[in-house]
Amino acid sequence: MSTVILGGGIIGLSTAYYLSLARGPSPAIHIVDSAPALLASASGFAGGFLAADWFSPSVASLGALSFRLHRELAEKHNGPRRWGYAGSHTYNLSIDERGVAGKSTGKQERKDDWLREGTSRAESAGSNPEANGRRDAGGGDGGGEGEVLNPDGSPAVWTPQAGGTLETISGPENCAQVEPRELCEFLLDECTKRGVEVHLSTKATGIITDDNGVLKGLRLQSTNNAGEAGAGELELECKDVLISAGAWTPRVFKALFPQSKLLIPVEPLAGHSIVVRSPRYKTPFVNPTKRRIGGASDDWRCYSIYCAPGRHWSYAPEAFARLARNGETEIWLGGLNDSSLPLPELASDVKAMIDPESIKSLRKMTVQLAGLAKEGDQANHDDLETVREGLCFRPVSKRGTPVLGKIPEHYLGVRPGGGGVWLASGHGPWGISLSLGTGLVTSELISGQKPSADILGLLIG
Ligand SMILES: Cc1cc2nc3c(=O)[nH]c(=O)nc-3n(C[C@H](O)[C@H](O)[C@H](O)COP(=O)(O)OP(=O)(O)OC[C@H]3O[C@@H](n4cnc5c(N)ncnc54)[C@H](O)[C@@H]3O)c2cc1C
């Protein structure tokens with residue numbers, strides 16, 4: 001019998017991808033999403049930074065598996081051209097301002113505080129001695145063809161900062177980037193080719209059981225553009241249900257199991273972002289030592305930069321000089337989060353909640369980091385072209401790590417029979433990086449196989 005996946009962000013899509021790879025068209029796989037189109041959520045607006053080993057111990061195995069799967073998928077399906085997959089040099093920018101840069105917070109932070117509090121990811125790289133070695137700002141490749149460099153050897157896409165030091169915190173062997181929307185579109189394409197059915201503007205409103213109280217299916221209802229119940233009703237038989245609705249996961253669980261005592265430990269954390277084009281980043285950077293002359297694709301490289309709060313910004317900005325489809329170049333910037341923004345009914349409602357003041361502040365930061373430098377102490381010139389402005393909600397778990405696995409029967413009030421109700425959510429700022437690994441292990445669990453990563457510390461219940 002079929003599997004129904006509630007939520008078609010990158011976690012639901014990755015799971016459908018690996019399930020359908022193993023199963024083919026039968027038993028059927030359904031993706032049910034309440035929004036009128038997929039990818040209006042975090043998975044469509046995220047930065048797309050991937051890391052192999054920036055994770056706390058309970059996530060380490062999943063993180064390493066996922067990083068490997070990203071590379072293998074990109075190699076097999078021309079990821080560099082199709083979803084901008086490229087290894088990433090990663091810098092920490094510190095600015096010498098007494099009382100700000102390098103200032104100790106005075107508290108001994110847990111390594112995964114960044115995830116729970118939504119602060120900078122770079123802190124977690126700082127905890128990795130291997131990744132933390134000081135290297136030249138150019139990242140060791142010496143600059144590729146078409147790559148304009150600053151005097152310190154760093155790529156000219158980043159404007160030199162007065163008193164600023166760029167420290168390489170990781171290299172392309174341990175970090176990479178993707179354009180997450182394009183990766184999701186690839187996964188969706190592959191899924192639909194293999195017969196996965198997608199039901200948009202649809203919510204699950206109840207569980208159907210057989211005479212013995214065993215899970216037999218879901219009751220679905222179509223929704224209008226405000227997320228209210230529409231006319232269409234459908235009953236879908238299934239053995240397994242996966243809830244992977246990102247920040248909406250607790251709501252979806254509550255709608256299906258209103259009597260359950262289980263509180264899904266996931267909360268929304270909103271983040272604004274912008275994407276721009278720069279005249280100093282026109283062609284993809286190429287690793288000259290691995291150039292494949294006449295070959296299918298070059299070994300492209302991209303650049304990420306993490307900054308501590310400072311004179312020009314009060315938060316911890318992250319900026320990614322990345323690639324999009326066919327080697328188009330762009331810069332993604334984010335880091336401005338707002339825990340007070342309420343989660344709307346539908347992912348597609350988020351667009352109307354974009355705060356112009358937050359975008360203005362991000363724009364100012366972008367110009368400071370990537371605008372055209374002027375003589376002396378003058379502010380940089382804004383010669384950047386806006387590609388898009390965005391807002392989305394990360395699903396942040398209270399314990400700071402993803403929450404995966406089968407929901408124990410005693411929380412459900414229905415008997416799972418041969419299948420079950422599964423959960424994959426709470427990936428916080430790492431859902432793109434951890435997506436493929438999560439999809440593979442969730443598909444393995446649903447299929448009754450041993451998971452390819454040690455996820456013992458991530459299980460629900
Ligand atoms: C600003 C920002 C930058 C980020 N940058 C990075 C990064 O660089 N690297 C990284 O690894 N991660 C990053 N992340 C985190 C990453 O984007 C998320 O962890 C990830 O996208 C979560 O994926 P998801 O599939 O769980 O949820 P989502 O992408 O939010 O998808 C949830 C889906 O569930 C659907 N849904 C909602 N309600 C229902 C319902 N009732 N029934 C059915 N479906 C429903 C929604 O419509 C949506 O399609 C970033 C996040 C933000 C906010």
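Pro 27 sits in the loop between H1 and S2. Helices (H or I, at least four residues) and strands (E, at least two) are DSSP runs, numbered from the N terminus. A cis peptide bond joins Ser 26 to Pro 27, with omega about -5 degrees. The structure is a predicted model, in which local features need pLDDT of at least 70 and side-chain atom pairs count only at pLDDT 80 or more, while totals for chains, interfaces and linings use all residues. Residues are numbered from 1 along each chain as its sequence is written, and side-chain values use heavy atoms, with hydrogens and water left out.

Two further backbone features fall in loops. Ser 201 has a phi near 45 degrees, a positive value in a residue other than glycine. Ser 201 lies in the loop between strand S7 (197-199) and strand S8 (202-209). With a relative accessible area of 15%, Ser 201 is buried. Buried means under 20% relative accessible area, exposed over 50% and partly exposed in between (1.4 Å probe, protein chains only). Asn 326 is not a glycine either, yet its phi is positive, about 55 degrees. Asn 326 is placed in the loop between strand S15 (318-323) and strand S16 (329-338).

The ligand is surrounded by 35 residues. A residue counts as near if one of its heavy atoms lies within 4 Å of the molecule. The closest are Asp 33, Ser 43, Gly 428, Pro 429 and Ser 433. By class, the shell has 18 nonpolar, 13 polar and 4 charged residues. Here Ala, Val, Leu, Ile, Met, Phe, Trp, Tyr, Cys and Pro count as nonpolar, Asp, Glu, Lys and Arg as charged, and the others, Gly among them, as polar. Helix H1 (10-23), helix H2 (42-45) and strand S17 (385-397) each supply at least two shell residues. The largest share, 3 residues, comes from S17.

A ligand nitrogen is 3.0 Å from a polar backbone atom of Gly 47. A nitrogen atom of the ligand is also 3.2 Å from an N or O atom in the side chain of Ser 34. A ligand oxygen lies 3.1 Å from a polar backbone atom of Gly 431. Taken alone, the ligand exposes 1,000 Å², and the protein buries 98% of that. These areas come from the Shrake-Rupley method with a 1.4 Å probe.

The largest nonpolar core has 56 residues. A nonpolar core is a set of buried Ala, Val, Leu, Ile, Met, Phe, Trp, Tyr and Cys residues joined through side-chain atoms within 4.5 Å. Phe 49, Trp 54, Leu 62, Leu 73, Trp 83 and Leu 187 have the most contacts inside this core. Elements that each supply at least two of its residues include H1, helix H3 (57-77), helix H7 (180-193) and helix H10 (435-446). A second, separate core of 37 residues includes Val 4, Ala 35, Val 241 and Ala 245.

The structure holds 16 aromatic pairs. Rings of Phe, Tyr and Trp (its six-membered ring) pair if their centres lie within 6.5 Å; planes under 30 degrees apart count as stacked, over 60 as edge-to-face and the rest as tilted. The rings of Phe 49 and Trp 54 have centres 5.2 Å apart and planes at 55 degrees, so this pair is tilted. Phe 49 is buried, at 2% relative accessible area. Trp 54 is buried too, at 1%. Phe 253 and Phe 257 have ring centres 5.2 Å apart and planes at 35 degrees, so they also form a tilted pair. Both Phe 253 and Phe 257 are buried. One aromatic cluster is formed by Phe 49, Trp 54, Phe 55, Tyr 306, Phe 320, Trp 332 and Trp 430.

Definitions and conventions
A polar contact is a pair of N or O atoms within 3.5 Å; within protein, one must be able to donate a hydrogen and the other to accept it, and residues adjacent in sequence count only if both atoms are side-chain atoms.
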